[in-house]
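Me: Could you walk me through this model, starting with its strands and ending with its ligand? I have the sequence and the coordinates open.

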Amino acid sequence: MSKITTLSEFIMQRQQDFPFATGELTSILNDISIASKIVNRDVNRAGLVDILGAQGSENVQGEQQQKLDVMADNAFIRAFKSGGEVCGIGSEEHEDFIAFDNEISKNGKYVVLFDPLDGSSNIDVNVSIGTIFSIYRRKSPTGTLATLDDMLQKGSEQVAAGYVIFGSSTMLVYTTGRGVNGFTLDPSIGEFCLSHPDIKTPETGRVYALNEGNLNQCDPGLKDYAEYCRQDDPATGRPYSGRYIGSLVADFHRNLLKGGIYIYPTTDSHPTGRLRLLYECNPLAFIVEQAGGIATDGKNRILDIQPKELHQRCGYYVGSKQMVEKAMSLLKETEKIQA
Ligand code: AFP
């Protein structure tokens, strides 16, 4: 039997690769792993106890907060606050960022931005959901309260990012900018075990994921791309398969492993896009790039966008290099014809 590497062992091994590492980032990743196990336990019990369904309050986006959203949010905030390495957080569930006002946290060098439970509208119907996180070094001096500027950093400044998918099994996938690694939770020992080392996403794939119900509401170039995906062309593997779970982490994870493109464009009802730059697009863009893929808002590399506000949204095209490039070229062509 080959040796099992747990997430904690792996993180420790990687820390040794950085000669001046102080172990703080390592601790944050461990905190994330523990909070993920708590959320995993609650997600798995969702059908058994009274934690399914809406909480009754709305989050800052005007969406119904689900009970599990709130529990997940609390689990992560508690972990970051008690860990001492994080001076503040931004969560999709909160209008403002939270600066941890205690002496230990004020000395923390990092901020974390996260979506505690993405795809929450899928909770009640037992579809995969996920947590997405992004870690940055703070800009403000240590010893003070975290500031908005700490939160509004370009994605290219991320020091680590990842997601946890609560699916047929639970997986944690993360990068610190040195490749992407995936760990599957073995429930019998309660450990995330290295199951997908050095993930590389295929250059191309056969899956396109977008909400086709929005096609009449978006850039005409996207209709052309959807039409391209449906055309017969055995040489390029078309027609592609349309797969849209409506749970970003699940759609992204499938495409990362198998190849594919995920698109959430700007639409008439979401003129600046639906997905959030800081909580969803940036972390997944960091991962996809590390795995050899591309992430763009249709014009700009996602990781180069300077955020202006915490809950900023953007159009999102992410996945296999060749597929995203093809989508971009069709968008440009249609733009030219229309000009
Ligand atoms: P929620 O977390 O609010 O359910 O949002 C999920 C999500 O941001 C993302 O996971 C999906 O891909 C996308 O929304 C689905 O949106 P549509 O239902 O508009 O296609």
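Reply: Gladly! Buried means under 20% relative accessible area, exposed over 50% and partly exposed in between, with a 1.4 Å probe and protein chains only. Helices (H or I, at least four residues) and strands (E, at least two) are DSSP runs numbered from the N terminus. This is a predicted model, in which local features need pLDDT of at least 70 and side-chain atom pairs count only at pLDDT 80 or more, while totals for chains, interfaces and linings use all residues. Residues are numbered from 1 along each chain as its sequence is written, and side-chain values use heavy atoms, with hydrogens and water left out.

Me: In strand 13, which residues point the other way from Ile-261 and Ile-263?

Reply: In a regular strand the side chains alternate between the two faces of the sheet. Strand 13 covers residues 261-264, and all four side chains are buried. Ile-261 and Ile-263 point one way, and the residues that point the other way are Tyr-262 and Tyr-264.

Me: Which residue of strand 17 stands opposite Ile-261?

Reply: Two strands pair if DSSP finds at least two bridges between them. Strand 13 pairs with strand 11 (residues 207-209) in the parallel sense over two bridges, and there Ile-261 is the bridge partner of Tyr-208. With strand 17 (residues 316-319), strand 13 runs antiparallel and is joined by four bridges. The residue of strand 17 opposite Ile-261 is Gly-319.

Me: How many aromatic pairs does the whole structure hold?

Reply: Rings of Phe, Tyr and Trp (its six-membered ring) pair if their centres lie within 6.5 Å; planes under 30 degrees apart count as stacked, over 60 as edge-to-face and the rest as tilted. A search of the whole structure gives a total of ten.

Me: What kind of pair do Phe-10 and Tyr-174 form?

Reply: Phe-10 and Tyr-174 are both buried. Phe-10 is in helix 1 (residues 7-15) and Tyr-174 in strand 8 (residues 170-175), so their pair ties together parts that are 164 residues apart in sequence. Ring pairs also link these two with Phe-183 into a cluster. Because the ring centres are 6.4 Å apart and the planes stand at 90 degrees, the pair is edge-to-face.

Me: And what kind of pair do Phe-76 and Phe-80 make?

Reply: Both lie in helix 3 (residues 67-83), four residues apart, about one turn of the helix. Phe-76 is buried at a relative accessible area of 2%, and Phe-80 is buried at 1%. Their centres are 6.2 Å apart with planes at 35 degrees, so the pair is tilted.

Me: Is Ile-104 buried or exposed?

Reply: Ile-104 belongs to helix 4 (residues 103-106). Its C-alpha atom is 8.4 Å from that of Gly-143, 39 residues away along the chain. With a relative accessible area of 61%, Ile-104 is exposed.

Me: How many of the eleven residues of helix 7 are buried?

Reply: Helix 7 spans residues 248-258 and is largely enclosed by the rest of the structure. Among its buried residues are Leu-248, Asp-251 and Arg-254. Just after helix 7, Gly-259 takes a positive phi of about 95 degrees. The buried count for helix 7 is nine.

Me: Finally, how much of the ligand's accessible area does the protein cover?

Reply: A polar side-chain atom of Tyr-262 lies 2.7 Å from an oxygen atom of the ligand. On its own, the ligand has 490 Å² of accessible area (Shrake-Rupley method, 1.4 Å probe). The share that the protein covers is 87%.

Notes:
Polar contact = N/O pair within 3.5 Å; in protein donor to acceptor, adjacent residues only side chain to side chain.
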